[in-house]
Amino acid sequence: MADPFDAAIVLAFITSFFWFKTVIQNNLGASSRKVAPEDVEAFGIEQTEEQKAVEFTTKDRWTNINGNDRENVQYTLFLMFGNFFLGNEAAMTVGMYASICYVVFRLLHTIFYLKGINGKPVPLRSLCFGLGQLSALTLAIMLPVGAVLNKVNSSA
């Protein structure tokens, strides 16, 4: 029979691996979403005449928010649960604060997207997205670390 700590370590590494894989795929893959006008202005995104002629509506904003959440949130939830169930006390503590930060930054990201705030001098929506991803990265690193520390501490 497999040692439960070994199984937890394998599960932790696999969960973190698929989080990293999904983040990379999301960043490399093509997107069919409409680009928000504030992003065109802030980042100098070039558009065709056809793209410029299309109106960007509130529904488009909600569609993009929903797509972005589908690309990011559910995978991070696995990391949150993993840190609480598989990690040691340090991983649980770091996981708790990183999870709170993630939720706050994702909520701010949604609010800024709805309000069309992402420009100069500070791209607040992009900043919140990045800080949310940094919180998720912390969870992805702490998950296998916490599982390994649980194993080490159980042997001592």
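Which helices each supply at least two residues of the nonpolar patch? Some notes on that and a few other spots, bearing in mind that this is a predicted model.

1. The answer is helix 4 (58–86) and helix 5 (89–115), each of which supplies at least two patch residues. Helix 5 gives the most, with eight residues.

2. As for who is in it, the patch lies on the surface and is formed by Leu-77, Phe-81, Phe-84, Phe-85, Met-92, Met-96, Tyr-97, Ile-100, Val-104, Leu-107, Leu-108 and Ile-111. Together these residues have about 1,100 Å² of accessible area.

3. Take Phe-84, one of the patch residues. You'll find Phe-84 in helix 4. Its relative accessibility is 33%, so Phe-84 counts as partly exposed; that label covers values between 20% and 50%.

4. Now hop over to Ala-90, which sits in helix 5. Ala-90 also falls in the partly exposed class, because its relative accessibility is 39%. If you compare Ala-90 with Asn-72, the two are 18 residues apart in sequence, and their C-alpha atoms are 25 Å apart in space.

5. Helix 6 is worth a look too. It runs over residues 124–155, 32 residues in total, and at 1.5 Å a residue it should span 46 Å.

Conventions. Residues are numbered from 1 along each chain as its sequence is written. This is a predicted model: local features need pLDDT of at least 70, side-chain atom pairs count only at pLDDT 80 or more; totals for chains, interfaces and linings use all residues. Side-chain values use heavy atoms; hydrogens and water are left out. Patches are made of residues with over 30% relative accessible area and no salt bridge: like charges are joined within 9 Å, nonpolar side chains (Val, Leu, Ile, Met, Phe, Trp, Tyr) within 5 Å. Accessible areas come from the Shrake-Rupley method with a 1.4 Å probe; for residues, only the protein chains shown count as cover. A salt bridge is a side-chain nitrogen of Lys or Arg within 4 Å of a carboxyl oxygen of Asp or Glu. Helices (H or I, at least four residues) and strands (E, at least two) are DSSP runs, numbered from the N terminus. Buried means under 20% relative accessible area, exposed over 50%, partly exposed in between (1.4 Å probe, protein chains only). The expected span of a helix is 1.5 Å times one less than its number of residues.
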